[in-house]
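Please look over the structure shown here before reading on.

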Amino acid sequence: MPSSLRNTLPTLFALLFGYALMQIGNTLQGTLLSVRGSLEHFSPTQIGAVGAAFWVGIVIGSLWAGRVIKQVGHARTFAALAAVASSVALLHLLVITPMVWIAARGLTGFCFAGLFIVVESWLNAAATPRNRGQILGLYGMTGLIAGIGGQMLLPTSDPAGFRLFCFAAILISLALVPMALSRASAPAHAIGEVSIDLRRLYRQSPFGVVGAVLCGMTTSSFFALGPVWAQQRGLSTTEIAVFMACGTLGGFLTTWPLGWLSDRMDRRYVIIGASAMAATILAALVHFVPEDVDVWLLFIYGAIFGGSVIPTYSIVAAHVNDMVKPGEFVSASGGLLILQGLGAASGPIIAGMAMSQFGRLGLPYVVIVAQALMALWGAYRSLQRPAPADEDKEDFVPEPAIPVGTALLPAHESAR
């Protein structure tokens, strides 16, 4: 381990630990709401809307949290948003109606966007140009590991009860402790506003623009409605948790290998291959796996699917970074955030409507179409424009589990 990173790790530990607690609570809450919504006889469309609302809140929070931070500072912003997010987790238990859950989940997304931006800003203040890329990678992988932990908390209590909601609220509240006790200095400057031009971004990277939308549609549909699909297939609460965790675990295991491969060849080919694999594995699951198959086979399918789709957004972002000019990476990342958020907000609604119309097959069919479009669009664009030269490519860095408008990006750009 390089000495610069080793010297920084004690300071970073509290920040990453607080981030992990937040992500564990958020992942638990997301899966719990899907399962509990089904138990409360919410329709798949309504459950999908609850999942979509979170991403709407993420986008709005990412674009507006900087103003809050500028007015009251990083520490106060974190404390206020964590208090609201932990309280809203209990609101789902007190008022069990679709409209209240949709509004509450949107507010949760807004709060978490601000919380993640504060954490990322603090990480940036502790990082140096030499270790910033390593810290970004460590941050992204921490989010995936925390996501697995959050999924595995689901079987610890009955989703029809109140304990799991309390667990989520407690975890989010406890995230305040390591942040409050951290010796890391709060960033001296608030996050500046970024000019975003989606038309220009499309001209620079047509594949990246479409790919970001389709990535958002796929991952949000899976995490919002995957528990419902598993529940309708007859899996128990523990099996649902393991199935969803396997999807995240697959993404954790393949992020670095696929990123390494994309550094050494046309990134679009890697994305095409991953998308084709995701579509194929889902088609096989739908048409060739019998109902009475051993549940472990479903876990393997889930891991392969997650390993195909979870790393894709990071590779899309790296591809866009290769295509834009050195001074435009921050605005390009902001554009990708909006596009990914739009896809993530629309995906669960479309998949939920498909499940309401066609049963549980609606979810895999929507995802298969999205991944097939990704592969076809990538193949077409690879014929229209050559890949950038190797010397023009940036090193691959995994994106966090929930990409937001991060303060790390301006610093990363300045270090290029």
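**Overall make-up**

The model is predicted, not experimental. The protein chain contains 16 helices and zero strands. It has 416 residues, of which 59% count as buried. Among contacts between residues at least 6 apart in sequence, 88% join residues at least 24 apart.

**Nonpolar cores**

The largest nonpolar core is made up of 48 residues. The residues with the most contacts inside this core are L154, L225, L235, F243 and F305. For L225, leaving aside neighbours within four places in sequence, the contacts are P44, I47, G48, P348, A351, G352, M355 and L363. There is also a second, separate core of 37 residues, and A82, L115, W122 and L171 are included in it.

**Helix 2 and helix 4**

Two packed helices are described by the angle between their axes and the distance between the axes. Helix 2 covers residues 44–72 and helix 4 covers residues 98–126. Their axes come within 6 Å and cross at roughly 35°. The crossing of helix 2 with helix 4 is right-handed. The residues of this contact comprise 17 nonpolar, eight polar and one charged.

Two residues of helix 2 can be followed individually. A53 lies in helix 2. A53 has a relative accessible area of 9%, which is under the 20% cut-off, so it is buried. Leaving aside neighbours within four places in sequence, A53 is in contact with I102, R105 and G106. The C-alpha atoms of A53 and R105 are 5.8 Å apart, while the two residues are 52 residues apart in sequence.

G51 is also found in helix 2. Its relative accessible area is 15%, again under 20%, and therefore G51 counts as buried. Not counting residues up to four places away in sequence, G51 touches A224 and P348.

H41 sits in the loop between helix 1, residues 3–39, and helix 2. H41 is not a glycine, yet it has a positive phi of about 65°. Its relative accessibility is 72%, and because this is over 50%, H41 counts as exposed.

**Helix 12**

Helix 12 runs over residues 295–309.

The buried residues of helix 12 are V295, L298, F299, Y301, G302, F305, G306, G307, S308 and V309. One of them, F305, is also listed among the residues with the most contacts inside the largest nonpolar core. What covers the buried residues of helix 12 includes helix 9 (206–233), helix 10 (237–262), helix 11 (267–288), helix 13 (312–323) and helix 15 (362–384).

V213 is found in helix 9. At 23% relative accessibility, V213 lies between 20% and 50% and so counts as partly exposed. Not counting residues up to four places away in sequence, V213 touches L339 and G343. V213 and L339 are 126 residues apart along the chain, and their C-alpha atoms are separated by 5.2 Å.

E399 belongs to the loop between helix 15 and helix 16, the latter being residues 408–414. E399 has a relative accessible area of 24% and is therefore partly exposed. Leaving aside neighbours within four places in sequence, E399 is in contact with G140, Y313, S314 and A317.

**Pairs apart in sequence**

| Pair | Separation in sequence | C-alpha distance |
|---|---|---|
| A53 and R105 | 52 residues | 5.8 Å |
| V213 and L339 | 126 residues | 5.2 Å |
| E399 and P311 | 88 residues | 8.2 Å |

Conventions. Residues are numbered from 1 along each chain as its sequence is written. This is a predicted model: local features need pLDDT of at least 70, side-chain atom pairs count only at pLDDT 80 or more; totals for chains, interfaces and linings use all residues. Side-chain values use heavy atoms; hydrogens and water are left out. A nonpolar core is a set of buried Ala, Val, Leu, Ile, Met, Phe, Trp, Tyr and Cys residues joined through side-chain atoms within 4.5 Å. Buried means under 20% relative accessible area, exposed over 50%, partly exposed in between (1.4 Å probe, protein chains only). Contact means heavy atoms within 4.5 Å. Axes are lines fitted to C-alpha atoms, for helices over the stretch in contact, and angles run from 0 to 180 degrees between N-to-C directions. Helices (H or I, at least four residues) and strands (E, at least two) are DSSP runs, numbered from the N terminus. A crossing is left-handed if the near helix is turned anticlockwise from the far one by less than a right angle, and right-handed if clockwise. Ala, Val, Leu, Ile, Met, Phe, Trp, Tyr, Cys and Pro count as nonpolar, Asp, Glu, Lys and Arg as charged, and the others, Gly among them, as polar. The expected span of a helix is 1.5 Å times one less than its number of residues.
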